[in-house]
Amino acid sequence: MKEANETDETAEERLEAETAGEHEHSPEHEHSPEHEHSHEHPHGPSLNPELTREIEVEAPAEEVSKAYRTVVKRYQKLARIPGFRAGKVPESLVRSKFARELRQEVMEALVAARFRQAIEERKLRPVSEPQLLDLQLMDGQPLRFKAAFEVLPEFDVSGYESVRVEKPAVELTDEEFEGEVAHLLESYATIEPVEEERALAAGDWAAIEFRGEIQPLARTVTEEGATPAEPGTAPITGEDVLIEIGGKNTLKAFDEALRGATVGQELKFEVEYPEDFGERRLAGQTVAYDVTVKTIKRKTYPERDEELAKQLGNYASWEDFARELRGRAQARKRESVAMGARNKMLDEVIARYHFPVPESFVQRQVDARLERGLRALAQQGMKSEDMRKLDFARLRAAQRDEAEREVRASLVLDRIADVEGVTVSEAEVDNELRILSMQAREPLETLRERMQQDGALERMREQLRRERTGMVLYEKLAS
C-alpha cells in the first residue's frame, strides 16, 4: 500500500506507429519476459471516481502497542550499536534510533491485515492497489486510516445472443491464387537490358541519371528578375536509378515524362510532391528535374516449370508446388477472414454495453501498449538514451482511448465467458508456456515459477480465456 521539453519527434512518431492500429479486444497482459528497455512513466488519474470506494479502518491501541513491542524486541536482538553487547541495546535507544523503521514495519504488519479484514466484512473486491488516506499511527494510540480503491463495474451482458454476423466466403479464388504466384515470381525475376532500339513503354524500366533542384516556395521580383526569397538547398542527384513505367509506386510526373522516351534522350520537367510524401525533404516541394535516359530494361520472370519447383523446395513438379502454395494461401485467407469477422462481431457485442472502467486497468493497458512499442523500437536499433528523450506524457495520452476500449472489451468478454461457461485447460496453458519458453530461451519451469510469482501466469490464463470466448461467440452468432 502507498501513502497518499524538447522531444525526438521522429522517434515518437515511430513509437506511435508501432502502437497505432492495434485491434485487441482484450488487454494483452504482458506475460513475456522482461527486457532491458523497460521504463517507468508517470500515470494520470489513478482511480475512476465512479468505481472508487473508500472505507475507514481502525485497530485498537492495545493491538498497536503489541505490534510495536514485537518489532522493538526483534530490533533489540539484531541491532549492532557501539557500546552495547548484542541483544542488550536499551529499548529507549532502539525506539529513538529506529523510529522511522519501526513505524514502517508496524504499518505494514497492521494495515494490510486490517484492510483485508475490513473488505471481507464489507464483501468488497478491490481491483486496484489501495491508496491510504489520513493514516494515524502512534504507539499507544488507535490505528486509523482510510483506504480508497477501485472495484469492478456492475453491468448485465444479456442480449449478446441477438447479435448476428455473416460468415464471409473463405475459399481462395483463382485470381487470389494468381496474385500469390505473381508475388512469388517477383522475387525470382531479373531485369535485363532491352537490345532493340525502341521507346519506353508500360512495363519497361528506365535507368536514368538525374539532377533535381528544389524550387523555393516564394520568389522576389527585382530589376534583375525573379530571385529566390530564401537560399536554395543542395540539388538531388542520382545515377543508374531504375524507374518502372506504369509502376504502382512511380510518380505520375515521372511516368508521363519518361513514357515514349528513347535511350540518350534528355528531359526537363517539374514534379510537385504531395504533403504526405514519404521522404520528408521532398514532401510538399516542387522539384525541377534534368533527366537523361541511359538504358531501357525489361523484367523477366522464370518459367513455371520443374526447374523452378526444385529451387522452391525440391518439389517434383510445378504442379506439386502449386498445390502446396494454394493450400498455404487458403489457410492464411481462412484465418484472416475469420479474424476480421470475429472482430466485427465483437465490436457489435461490446458496443451494446456502457459502463465505467477502472482507471487502474486503463493505465496498465497503456503501459502494455507502450512497452510493445518500445520493444519494437529496440529491435529496430533505437538506443535507451534516445528512448528516454521521448515525450511519454503525450504518448500516454495518445494511447488512452484505445487502451480504454481494450479494457472495456476484456470486461465484457470476462462476463460472457462466465455465462457461457468458457474454461481454459491446463494443457492449453502449458502449451502457451512452452512457446514463451522457446521464444525467451528460458527453461520452462523457471519461466513458470517466475510468472506464477509475479501474477503473469494468471493474466495469461485470463487472456487465453478471452480469446476462447471470442471463438465460441463467433461459432454461436455467425451464420
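Predicted model: local features only at pLDDT ≥ 70, side-chain atom pairs only at ≥ 80, totals over all residues.
The crossing of α12 and α13 is right-handed. On the α12 side, the contact is made by D430, L433, R434, L436 and S437. These residues meet L444, L447, R448 and M451 of α13. By class, the contact of α12 with α13 divides into five nonpolar, one polar and three charged residues.

Helix α11 spans residues 392-420, and helix α14 spans residues 456-477. Their axes come within 9 Å and cross at roughly 70°. This angle also falls in the 65 to 115 degree range, and α11 and α14 are therefore roughly perpendicular to each other. The crossing of α11 and α14 is left-handed. From α11, the contact draws on S410, L413, D414, I416, A417, D418 and E420. From α14, R465, R466, T469, G470, V472, L473 and K476 take part. The contact of α11 with α14 holds five nonpolar, three polar and six charged residues.

L346 belongs to helix α8. With a relative accessible area of 6%, L346 is buried, because the cut-off for burial is under 20%.

In sequence, L172 and G327 are 155 residues apart. In space, their C-alpha atoms are 9.1 Å apart. Leaving aside residues up to four places away in sequence, L172 touches F177, R326, A329, Q330 and K333.

Helix α4 was considered on its own. It covers residues 99-122 and has 24 residues. From its first C-alpha to its last, α4 reaches 33 Å. This span is close to the 34 Å expected at 1.5 Å a residue. Buried positions in α4 are L102, V106, M107, L110, V111, R114, F115, A118 and I119. One charged residue, R114, is thus listed among the buried positions of α4. The helix is followed by K123, whose phi is positive, near 55°.

Positive phi values also occur at two further residues. Phi of D134 is near 55°, a positive value in a residue other than glycine. D134 is found in strand β3 (residues 131-136). At 52% relative accessibility, D134 counts as exposed, because the cut-off for exposure is over 50%. Phi of N314 is near 60°, again a positive value in a residue other than glycine. N314 lies in the loop between α7 (306-311) and α8 (318-350). N314 has 63% relative accessibility and therefore counts as exposed.

How values were computed. Residues numbered from 1 in each chain as written. Heavy atoms only, no water. Axes fitted to C-alpha atoms, helices over the stretch in contact; angles between N-to-C directions. Helix = DSSP H or I, 4+ residues; strand = E, 2+ residues; numbered from the N terminus. Parallel < 35°, antiparallel > 145°, perpendicular 65-115°, else oblique. Left-handed = near helix turned anticlockwise from the far one by under 90°. Contact = heavy atoms within 4.5 Å. Expected span 1.5 Å × (residues − 1). Buried < 20%, exposed > 50% of the residue type's maximum accessible area, 1.4 Å probe, protein only.
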